[in-house]
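Please look through the protein shown here. What can be said about its strands, its core and its surface?

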Amino acid sequence: TVRFDGAVQTYSNNSNITTPVGFAVESGSTLNLGTTFLTGTGAFTLLTGGVIIVGSTDAGGALQLGTAGGNIRMSGTRTYQAGSTIIYNGTATQSMGNGHPASPNTTIDNDDSVYMVSSVTINGVLTLQNGVLVIDNNTLTLGGTVSYPNGFMGITSLSNVVINGTGNFGQLILAPVETQIPPNPMNNLTINRSGGGIVELGLDL
């Protein structure tokens, strides 16, 4: 297993790995993949406290279930531990696909926005650092909290949001990304927050 351990590291490949080589990103380490990708038949593990920066602009998503596209193309087991972080930081519009895991924290840091091309669950903290996470005609399920330094969640009339988890959620900011009448419609908003949690609506729907 190749272990990325310490500060910010990058990876580049000039050929596909076809042997059972594994990769692990250790706690306290950041692996910036850019548009390169990890291959091989071994396992991939993102440990608690570890960070990966994905820059793939593949239409199927920067993280996909299969091995055809995205930044992680390992055919072995992929483990993303709670308390780890995934940052979308591409130089062009990115997609969030069916391989995006539920457990880690997720940060959107892309001025060209990130479009969901599959329904996704995020149980960690969702940080909208820069740009928009466009839900489109999918369902975004949130089990943690959301912060909005310089971004928001974009909705269409077919978008769905489900809020699970416990405790206070904080502010929910959903803004339209297409011309719509009425001005800010969506399909369904479901709140299933336990423990007396409060969800504050930041914009009219």
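The questions and answers below go through the core, the strands, the salt bridges and a surface patch.

This is a predicted model, in which local features need pLDDT of at least 70 and side-chain atom pairs count only at pLDDT 80 or more, while totals for chains, interfaces and linings use all residues. Residues are numbered from 1 along each chain as its sequence is written, and side-chain values use heavy atoms, with hydrogens and water left out.

Q: How many residues does the largest nonpolar core have?
A: A nonpolar core is a set of buried Ala, Val, Leu, Ile, Met, Phe, Trp, Tyr and Cys residues joined through side-chain atoms within 4.5 Å. Buried means under 20% relative accessible area, exposed means over 50%, and partly exposed lies in between (1.4 Å probe, protein chains only). L38, F44, I52, Y88, L126, L133 and M153 have the most contacts inside the largest core, and its residue count is 41.

Q: Which strand gives the largest share of this core?
A: Strands (E, at least two residues) are DSSP runs, numbered from the N terminus. The largest share is three residues, and these come from residues 126–134, which is strand β13.

Q: Which residues does I52 contact, leaving aside its neighbours within four places in sequence?
A: I52 is among the residues with the most contacts inside the largest core. Contact means heavy atoms within 4.5 Å. With the sequence neighbours set aside, the contacts of I52 are V25, L31, F44, L46, Y80, T85, I86 and I87.

Q: Is β13 mostly covered or mostly open?
A: β13 has nine residues, and eight of them are buried. The strand is therefore mostly covered, since buried means under 20% relative accessible area.

Q: In which sense do β10 and β13 pair?
A: Two strands pair if DSSP finds at least two bridges between them. Strand β10 covers residues 105–109, and four bridges link it with β13. T106 stands opposite L126 in β13. The sense of the β10 and β13 pairing is parallel.

Q: Which residue in β15 is the bridge partner of T127?
A: Strand β15 covers residues 146–147 and pairs with β13 over two bridges, in the parallel sense. The bridge partner of T127 there is S147.

Q: How many bridges join β13 to β16?
A: Strand β16 covers residues 151–155 and runs parallel to β13. G131 has G151 as its bridge partner in β16, and V132 has F152. The number of bridges joining β13 to β16 is four.

Q: Which residue in β19 is the bridge partner of M153?
A: β16 and β19 pair in the parallel sense, over three bridges. In β19, the bridge partner of M153 is L174.

Q: How far apart in space are M186 and L205, C-alpha to C-alpha?
A: M186 lies in the loop between β19 (174–176) and β20. M186 is buried because its relative accessible area of 16% is under 20%. Its contacts beyond four places in sequence include L174 and L205. M186 and L205 are 19 residues apart in sequence, and their distance in space is 7.5 Å.

Q: Where do R73 and D58 lie?
A: Their side chains meet in a salt bridge at 3.3 Å, N to O. The two residues are 15 residues apart, and each lies in the loop between β6 (51–54) and β7 (78–80).

Q: Which residues form the nonpolar patch on the surface?
A: Patches are made of residues with over 30% relative accessible area and no salt bridge, with like charges joined within 9 Å and nonpolar side chains (Val, Leu, Ile, Met, Phe, Trp, Tyr) within 5 Å. Accessible areas come from the Shrake-Rupley method with a 1.4 Å probe, and for residues only the protein chains shown count as cover. I191, in strand β20 (residues 188–191), is partly exposed at 48% relative accessibility. The patch has about 340 Å² of accessible area together, and its members are L189, I191, L201 and L205.

Definitions and conventions: Salt bridge = Lys/Arg side-chain N within 4 Å of Asp/Glu carboxyl O.
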